[in-house]
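These are my notebook entries on one structure, written down in the order in which I looked things up. I begin with the parts of the chain and then turn to the ligand.

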Amino acid sequence: MIPIEKYFQVSAVDIRRISRDFRAEMEKGLTGRKSSLKMIPTYVRRPTGDEKGVFIALDLGGTNFRILKLVLKGAGRSGEPRTMKFVLKKGLITGSGVKMFDFLAASLKTFLKKNKMSSEDRIRLGFTFSFPVNQTGIASGTLVCWTKGFEASGVVGKDVVILFREALARQGLFNIEVAALANDTVGTLVAKNYEDPHCDIGVIIGTGTNACYPEKVTNIAESKFQIRHCEEARSADEAIQKKEIASGASRPRNDESEMIINIEWGNFNKLRRNVYDRRLDKASDNPGRQILEKMVSGMYLGEVARLVLADIAGGGMRFTGIDRKHVAKSYGFRTEEMSGLAVSKSADPVVKVVLDMVSSRAARIAASCMAAIITRMDPRLTKTHTIAIDGSVYEKYPGFSMKVNKALKELFGKRAARIKTALAKDGSGKGAAIIAAVA
Ligand code: BGC
């Protein structure tokens, strides 16, 4: 074992500690005390599965964004979504916010034209916006801060739905009704729950990372809502309950009113950091923030590994399979490259060890936090839970999902069989369309 390896170890004791600390931070965040977890009320609850109609979603969570059209057929069924992908160039994510929103609106116009959707018809749209947003209603919320390298000006502190609506108006798209604003984790949870009522956690482990779950409204401090919206939530809740009673809906969910909470777990900071984590944080554009994200998500895993390799290389070592120039340059080593090398037969054994320790730590931290959420909802783990997970790291990094499941088993023993982790590919956009239907 190379000595650095122990910096990255997350032992059986560590996963329990992380899980306990995470739960404590969740509770603090919910009750409005100081916490690294924002625990944002989303004004969204799980769907009934009966939602029907044609909906559009715009899914923005990174430089690639998608627009999709979805037909919901009820009874948990939906048609195959029609999707178009677009790319936000660097200049657009670091330039003026108005220009960025104009590009989103113009892309939507292209999509509608391509799908022959008339500009006369009223269209309901779900807007997935995967950054920390303080939601003030189901279709309103202000951006707290950018993450994942976005820096567009004039957006932080503003209502992103208003900015989007203004851009739609500039494109003449007056028929679009932005009916819902959702985080990607919320979309992922809702999309999976539409077909699997046991799904009660949504997780993203991609460029960024985050999770959400449903919480009893009575457990959320009133100070976290704005009064107007609190009433909005309550009446929406009553309407849903009446509808459910009338339809005799019998899905296995709480009678008490619930609301999905966007945890914003990327900012969790009760983690033991090593010299490489500190170095990365210090050089980042958001020092002191998104501490968990910097240890778990795809935006940073390659850079953590690079810092370790650069340190070892400083001692005169050379690695087969890696371009020296990549190791010398900040963010020169991408997480995708890591994935390839992790299974490459020709990669240097030292490199493989480094990649394994960086990715294993990420998987074990993520699993500890998932365990904390489950324990919060179901302390004795008596029910079945599906965790819907999306994101490039979870989907593509060799062995990542297996490591998550292994850690859950270490934490829950045999009872871990009640937890199903399910890859929920591209659920975030679909979920936003379903939320638009609920709204
Ligand atoms: C954002 C979250 C988002 C996550 C996954 C994080 O950087 O703060 O809102 O859910 O990335 O996309």
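How far apart do the C-alpha centres of domain 1 and domain 2 lie? I find that they lie 28 Å apart.

I note that this is a predicted model, in which local features need pLDDT of at least 70, side-chain atom pairs count only at pLDDT 80 or more, and totals for chains, interfaces and linings use all residues. Residues are numbered from 1 along each chain as its sequence is written, and side-chain values use heavy atoms, with hydrogens and water left out.

Entry on the domains. I looked up the bounds, which come from an automatic or database domain assignment: domain 1 is 4-37 + 267-423, and domain 2 is 40-195 + 217-250 + 427-438.

Entry on where they meet. I see 14 residues of domain 1 in contact with 13 residues of domain 2, contact being heavy atoms within 4.5 Å. For salt bridges (a side-chain nitrogen of Lys or Arg within 4 Å of a carboxyl oxygen of Asp or Glu), the count between the two domains is zero.

Entry on the ligand. I find 14 residues around the ligand, counting a residue if one of its heavy atoms lies within 4 Å; the closest are Thr147, Lys148, Asn183, Asp184 and Glu264. A polar side-chain atom of Asp184 lies 2.6 Å from an oxygen atom of the ligand, and for a polar side-chain atom of Asn210 I note 3.0 Å to a ligand oxygen. Phe131 takes part through its backbone, with an N or O atom 3.4 Å from an oxygen atom of the ligand.

Technical notes: Polar contact = N/O pair within 3.5 Å; in protein donor to acceptor, adjacent residues only side chain to side chain.
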